[in-house]
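Dear colleague,

Please find below the structure that I am handing over to you. My findings follow it.

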Amino acid sequence: MSQQVGRLARIWVKRAKGGPMDLETSATLIAGRGIVGNWDQGRRRQVTLIDGEVWRTLTSQLGSVLDPGRRRANRMLEGIRLENTRGKHLRIGTCLLRIAGETKPCEQMDEALPGLQDLMWPNWGGGAYAEILEGGEIRIGDAAGWVGEKPRSEPSLTTEASAT
């Protein structure tokens, strides 16, 4: 797998069960607990993540441009694929997360956009959830990338030229 370098595009905090997702520019993550100010603390789903490109693709297939906050995830990433990443380590800014599993879409997705729940089921379309291994402050625009992957090597011009 090639190294993916992406960025943190959105941050949401849910202050009450079933409550609105408040858009933030930064947040503090506490290792083993969750997001400061977030309702859900200390379980395996300390952070939920969505892939912005996947979200836009799925909603556009249903003829809509839907606010990604309707997914009810805590973080939206750009340039990072989440499919089949269980057990991998993801660094966002100075924080380190371990992907614990796939987030399955619930009926609230169909309330937001009819047909969305079924469309999100395959290929980790609902995103992923993670445990926080190393906490800290994160901000929109922070770099995000998989830890332990080798960078993709690009052929040099001299190598390509000598091969022809």
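Is Asn-74 buried or exposed? The model is a predicted one, and in it the relative accessibility of Asn-74 is 6%, so this residue counts as buried, the cut-off being under 20% relative accessible area. Its place in the chain is the loop that joins helix H1 (52-61) to strand S6 (75-78).

With neighbours within four places in sequence left aside, the contacts of Asn-74 are Arg-10, Ile-11, Trp-12, Met-21, Ile-35, Asn-38, Gln-46, Val-47 and Thr-48. A further relation concerns Ile-50: 24 residues separate Ile-50 from Asn-74 in sequence, while their C-alpha atoms are 8.2 Å apart in space.

One of the contacts of Asn-74, namely Asn-38, deserves a separate paragraph. Asn-38 belongs to the loop between strand S4 (34-35) and strand S5 (47-51). With a relative accessible area of 7%, Asn-38 is buried. A polar atom of the Asn-38 side chain lies 2.7 Å from the backbone nitrogen of Lys-14. Neighbours within four places in sequence again excluded, Asn-38 is in contact with Val-13, Lys-14 and Asn-74.

Finally, the cysteines. How many disulfides does the count give? The count comes to zero, where a disulfide would require a pair of cysteine sulfur atoms within 2.5 Å. Cys-95 has a relative accessible area of 0% and is therefore buried, whereas Cys-106, at 26%, is partly exposed.

With kind regards

Definitions and conventions:
Residues are numbered from 1 along each chain as its sequence is written. This is a predicted model: local features need pLDDT of at least 70, side-chain atom pairs count only at pLDDT 80 or more; totals for chains, interfaces and linings use all residues. Side-chain values use heavy atoms; hydrogens and water are left out. Helices (H or I, at least four residues) and strands (E, at least two) are DSSP runs, numbered from the N terminus. Buried means under 20% relative accessible area, exposed over 50%, partly exposed in between (1.4 Å probe, protein chains only). Contact means heavy atoms within 4.5 Å. A polar contact is a pair of N or O atoms within 3.5 Å; within protein, one must be able to donate a hydrogen and the other to accept it, and residues adjacent in sequence count only if both atoms are side-chain atoms.
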